[in-house]
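Hi there,

Here is the structure I promised to pass on to you. Have a look at it first, and then read my notes below.

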Amino acid sequence: MAPTPALDPKLKEKAAAVRDTLAQALALHKRIAYANSLGAEAMVLTDIIWTDLPQIDVFSIDTGRLPQETYDLVDRLQRRYRRTLRVVHPDAAALEQLVARQGMNGFYDSIEARLECCRVRKIEPFRRAIRGYGAWITGVRREQSAQRAQGNPSEWDAGYGLYKLSPLLEWSEDDVWQYIRALGLPYNRLHDRQFPSIGCEPCTRAIQPGESRRAGRWWWEQAETRECGLHPNRGRPPLIPVAASA
Ligand code: SF4
């Protein structure tokens, strides 16, 4: 495994635990996909996976409504790691039908319309992208939201029929940014403009001082509905032990 210079020893340990966890998961599940959200946590996981665990397949979903800064980040990542990110798009016919039904910005009209847009632009492409894998990896962290606080590092994802691994669950936001800065990793420039969590451009705004880090996502909705549907609560005992610090 490649050394990780300039990292605080504790963080180095945490990163090593993530590597070990993912290596164990690979041995167990054989085929694993990493759904790269291109957020700050994704920079840590992309670095670990593309540096040390290239057997893990990495993909991102382009909803067609991402900010330009996110597309720029994809270019920078590909240049740094000399890898091509697999980009998965919505089904063209389903997208045409969605726009015909609700218009270009119909997602503002109701929670149902918003979830339908997320379903066509994110969930269906995601479902297609993970087909045939034994597990998928996500960068969610416990402190990101009340719902995410209830997650497990390894859990059966009944909705998609495979295991879901969250190796950064116990990482703090500070851990993530220390890792990014110590290694000089690329990151989305919107993070420097009070966008801690970035999704589609029309559904993400900067946060105000004192607001939660996800307050800028679907800001017109109540906090409890602000998920795209990729991370509903699910339960089943962990299949593999995951290091406490991962
Ligand atoms: S975040 Fe907004 S634009 Fe993106 S898929 Fe969901 S509703 Fe549609």
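Predicted model: local features only at pLDDT ≥ 70, side-chain atom pairs only at ≥ 80, totals over all residues.

Residues are numbered from 1 along each chain as its sequence is written.

Now the strands. S1 (residues 32-35) and S2 (residues 57-61) pair in the parallel sense over three bridges; pairing requires at least two DSSP bridges between two strands. Helices (H or I, at least four residues) and strands (E, at least two) are DSSP runs, numbered from the N terminus. Together with helix H2 (residues 40-52), S1 and S2 make a right-handed β-α-β unit. Right-handed means that, with the strands pointing away from the viewer, the path from the first strand over the helix to the second runs clockwise. S2 is also joined to S3 (residues 86-88) by three bridges, and the two run parallel. Ile61 has Val88 in S3 as its bridge partner. From S2 the chain crosses through helix H3 (residues 68-81) to S3, again as a right-handed β-α-β crossover.

Finally, the ligand: 13 residues are around it, and Phe107, Cys117, Cys118, Cys200 and Cys203 come nearest. A residue counts as near if its C-beta atom, placed from the backbone, lies within 6 Å.

Enjoy exploring!
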